[in-house]
Amino acid sequence: MSQQVKTGMQHYVEIGRQKQQAEQQYREKMRKKRFDTIAAHGIYSLEESSSNYGSTMEPLVISPAQHFENSDHLEAALSYATPAWGYTRIHNPSLHYLEETLSLLEGYGYHGETNATVTSSGMSAIFMATQPFLENPVPGVNFIADAKCYGGTFMLFNERYHKERNIDVRWIEDSSDLSHWERSIDEHTRFLYVEMPSNPSLTVVDLEGLSALAHHHNLPLIVDATIATPALMRPLRHGADIVIHSLSKAIGGSGSAIAGAIIAKNNITTKLDNEDLKANFTGYLKLWPMRDHGPHYHR
Ligand SMILES: Cc1ncc(COP(=O)(O)O)c(C=O)c1O
């Protein structure tokens, strides 16, 4: 590689490629570990610890923005040709550690790739996970939701989506009754949404039956699994496409911080004609809607 190319954009593309490859290898290694080991260490490696003053925990990056070495580095980053975080509204290395850890935990026991994003609250996770499916609202557009959901979710769906945007929310009173879900689906349904166990009634549903029903109609199943945490229940391995957590609850130590997360399997089921969204739902959210709406988590 000539000196000219080395100091140009290509240099940063190559550094990024090597970094991504090393991280992918480490992720594969951690994926084979037991659940508790993943929960304790995530993807933070011994090698990284050595370059962080030997810190046993990943560093907390509080800077709002990333330094770029020169305009080539900036150009490589802004054209998504090399991994970068740029600006904390969009991303940040601390968030990356958290996202990758949650992605591995929620994917534990699921034989496929997963992806994750963290958000500023559980409610913003619910908003960001549902909003992309409600674009281009043709007359009759609807989704089907568990009526026993958290009150904030009810308000988002009923006040913001239904009353303000005229989106038909079809509520299921008894979420364990799969025939009620089935009767509510039509050609304009965009997704099924369930909370399990629900807050506060602790209702449960046959996740495998419900995801089979959703997929039969080419729809994604979105599950708010906040109350269980991935330590007790991991809906992706039971067929769900997208999982939501309020990290403000047990998973975050109950009451230590307000945050949320969305974890999806790669290649979700949906009728939407958007290959990026299907392949890597949270990667799509981070690069496009979350960049523009700004609900990413930052501390
Ligand atoms: C099941 C469930 N989902 C979502 C939320 C919303 O989370 P947050 O308060 O972090 O916005 C809550 C909050 O109580 C909840 O219990």
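Valine 223 stands opposite valine 243 of strand S6 in this predicted model, where local features require pLDDT of at least 70, side-chain atom pairs count only at pLDDT 80 or more, and totals for chains, interfaces and linings use all residues. Residues are numbered from 1 along each chain as its sequence is written, and side-chain values use heavy atoms, with hydrogens and water left out. Strands S5 (residues 221–224) and S6 (residues 242–246) run parallel and are joined by three bridges; two strands pair if DSSP finds at least two bridges between them. Helices (H or I, at least four residues) and strands (E, at least two) are DSSP runs numbered from the N terminus.

The open sheet contains seven strands in the order S1-S7-S6-S5-S4-S2-S3, with mixed pairing. Strand S1 (114–119) and strand S3 (168–172) stand at the edges with a single partner strand each, so one side of each has no neighbour in the sheet. From one strand to the next the twist averages 20°; axes are lines fitted to C-alpha atoms, for helices over the stretch in contact, and angles run from 0 to 180 degrees between N-to-C directions.

Helix H6 (residues 93–106) packs on the sheet and touches S1, S6 and strand S7 (260–265), contact meaning heavy atoms within 4.5 Å. The direction of H6 makes about 135° with that of S1. Helix H7 (residues 122–130) also packs on the sheet, touching S1, strand S4 (189–195), S5, S6 and S7, and its direction makes about 160° with that of S6.

Pockets were located on a 1 Å grid over the protein atoms alone, as open sets of points where a 1.4 Å probe fits, with protein on both sides within 12 Å along at least five of seven lines; lining residues have an atom within 4 Å of a point. Grid points are joined across faces, edges and corners, and a volume is the space filled by probe spheres set on the points. The largest pocket holds about 1800 Å³ of space. Its lining comprises 48 residues, with Gln20, Pro83, Ala84, His91 and His96 the closest to its centre. Helix H2 (9–31) supplies at least two residues of this lining, and its ten residues are the largest share. Domain 1 (3–87) and domain 2 (94–293) both give residues to the lining, so the largest pocket lies between them; domain bounds come from an automatic or database domain assignment.

The second largest pocket holds about 870 Å³. Among its 33 lining residues, Met57, Glu58, Ser94, Tyr97 and Leu98 lie nearest its centre. H6 gives the most to this lining, with seven residues.
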